[in-house]
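Hi,

Here is the structure I promised to pass on. Have a look at it first, and then read my notes below.

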Amino acid sequence: MTAIDTTYREALRQALIDAMNEDPDIVVMGEEVGLYGGAYGVTKGMIEQFGPERILDTPISEAGIVGAAVGAAMSGLRPVAELMYVDFIGLVMDQLANQAAKIRYMFGGQIGVPMVLRSQGGTGRSAAAQHSQSLEAWMAHIPGLRVAMPATVNDAYHLLRHALTLPDPVVFLEHKGLYVQKGVMDTAKPDAPWGKAVVRRTGADITIVTYSKMVLESLAAAELLAAQGVSAEVLDLRTLNPLDDETISASVRRTHRAMVVTEAHLTGGFSAELSARIHESCFDHLEEPVTRVAGEDIPIPVSPPLERNAVPNAQLIAETGLWLVQRKAPAWAS
Amino acid sequence: MSSDNKLLHALYRDMRRIRSLEERVSELFVRSESAGSMLHLSIGEEAVAGVCRAMDAKDSFTTHHRGHGIFVARGAEPARMLAEIAGKADGYCRGKGGSMHIADMGLGHLGANAIVGGGISHAVGAALAYKRKKQPHVSVAFFGDGAMQQGILYESMNLAALWSLPVVFVCINNQYGMGTRVDRATANLAFDERARAFGLDGMIVDATDVELVHETAERMIANARQGKPGFMCLTCYRFYGHARMDKSPYRDSEEEAAGRARDPLGKARQRLSERGTKAAELDALDAEIATEMDAALESAIKATMPPVETMFEDVFAPDQPKPTPLRTRLNAMLSEASR
């Protein structure tokens, strides 16, 4: 029996522990990963288990941490660099986008940078504008980076385990609103191979393409839609690079309608990339234009009602779906 | 030959090879055979050879945009270097990196870097790996005075000192960050003090004196190997402009004349003569090196360009999913639409 009920946070920790037990070259480095146990508790207790040589508490030097991880990854270690909040990525972007992502290419394939940058983003804790963003588009734009965004407990475990076997840098983005999420972790059984999207709910009328915490909101929306007689299919992308175009396009060609849901801001977001790809691959099969339901184009406000309304929720997703499929306008339509 | 003279002779040879190579880099450009004009010559900085010769074979290093000299002094083949600078398939990086991103893992070259200060932390990370894996190597980060004003240098110095890592930071202070003289970039030129403030050993060395550079580097590297990281600043003068197109409008000819008089190669040659080496012997060595570099230049010019399809290789490891070429995607989309 390998399946147990646990949380997203525990699944992440188990993935790190199992990977570190198998691979002595894995080290975890970052702010408060050791004695403190991680800002969100993911690495709790690991310094006792693995010692300060493998669980490295660092000063608050994000660029230096990631830069050292790059050099260490080129020299025989497999570092997991933890960036406490994805909002701090601005401090790291040179080391990530100009160095980690390009070293294999610039050096003609001589060496790779097998490191994982773990971070977390998203809203839900009134953490305000500099601690609540969803910045995956910045990373997904850069050739040479893999980007994973697990939504489920089982994916938290398996995607992180897989990321820790890959020969190239992986940006692993967790969601702060998912750490306490409960679910089943089966260490022997991933939901799907790395790079493959998973159909979390099958449906016939519309395909909702999403990832990370918006998978949960989209599944809740699909329930609301079912009550109205609309059958929605929910696709969880799991990784943005590699991106599973085939599963997306096969689903949309069947349902003839597509909605892309992201917590990230609309403009220039990964939702735009997904929408464009669906239009390109499914144009003749679409009944309606691909519709994006995304975060508002505003900084994330601190006040709970403002914060809640800055990002999509199940109701908004369901209302939009109903409008698209049944042409039933929501109350806010003019 | 006394051992002192043997060492200086070897250092002179290293430095002459650097200058001779850089002259061919320049010629590659003049003959329109280089890939672009972003070529940064290290003429005047040849005393880096003193650091390079103080390193062990398995020590690693990172360099900057002006790193040709360091690489050749660490054993690079000039023909493959020039081929890379020309964007050829036979280059060290198969024509993907060029002058500013040349690297060779076999020689411990963890990469030249075109972001000022960009490679410094990689040497720190390499040193972290050596310490963790109990390997006796040292990593050396080479960079220019421009990087002395970059934040990541200080994050890196702090980590190196905090974790007692086997790393040496080497600043080549050629007086200019592009067109900005170092005293227009910073108020305190005592860079050694900055390093000492982090708990590192710190030294400023006159880089016209390659023997002094070598002696200092030997000590710093030996200390680093024992977990005591250090910083050395080589004071020199950039003889020519920032890159091949720069005519140096920001400095006058008197300054340049005085700067070029601070010639590490000339000084080493003079010292060798004083210690009894015949001019004819050095002339013969110079000529031998010139012949080697001429052959490397012609070989790089004759080398072939990489096949276009190789541009999709090396974004990720060979067994991993690759980026989709634009034409493949357009084909999938438009061939269906036009049916």
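This is a predicted model: local features need pLDDT of at least 70, side-chain atom pairs count only at pLDDT 80 or more; totals for chains, interfaces and linings use all residues.

Before the strands come up, one convention: two strands pair if DSSP finds at least two bridges between them. Helices (H or I, at least four residues) and strands (E, at least two) are themselves DSSP runs, numbered from the N terminus. Residues are numbered from 1 along each chain as its sequence is written, while chains are lettered from A and ligands numbered from 1 in the order in which they are written.

Let's start with the sheet in chain A. It is an open one of seven strands, in the order β3-β2-β4-β5-β7-β6-β12, and the pairing is mixed. β3 (55-57) and β12 (239-241) of chain A are at the edges with a single partner strand each, so one side of each has no neighbour in the sheet. From one strand to the next, the twist averages 20 degrees (angles run from 0 to 180 degrees between N-to-C directions, and axes are lines fitted to C-alpha atoms, for helices over the stretch in contact). Strand β2 (residues 26-30) of chain A runs parallel to β3(A), joined by three bridges, and A:V28 has A:I55 of β3(A) opposite.

A:R238, in the loop between β11 (232-236) and β12 of chain A, has a positive phi of about 70 degrees despite not being a glycine. A:N241 and A:P242 are joined by a cis peptide bond, with omega about 0 degrees; A:P242 belongs to the loop between β12 and α9 (245-255) of chain A.

Now over to chain B. Helix α1 (residues 3-30) and helix α4 (residues 78-85) of chain B have axes that come within 11 Å and cross at roughly 30 degrees. α1(B) and α4(B) are therefore roughly parallel to each other (angles under 35 degrees count as roughly parallel, over 145 as roughly antiparallel, 65 to 115 as roughly perpendicular and the rest as oblique). On the α1(B) side, B:L21, B:R24, B:V25 and B:L28 meet B:P78, B:L82 and B:I85 in α4(B); contact here means C-beta atoms, placed from the backbone, within 7 Å. The residues of this contact are six nonpolar, no polar and one charged (Ala, Val, Leu, Ile, Met, Phe, Trp, Tyr, Cys and Pro count as nonpolar, Asp, Glu, Lys and Arg as charged, and the others, Gly among them, as polar).

Cheers

Notes. Two residues are in contact if their C-beta atoms, placed from the backbone, lie within 7 Å.
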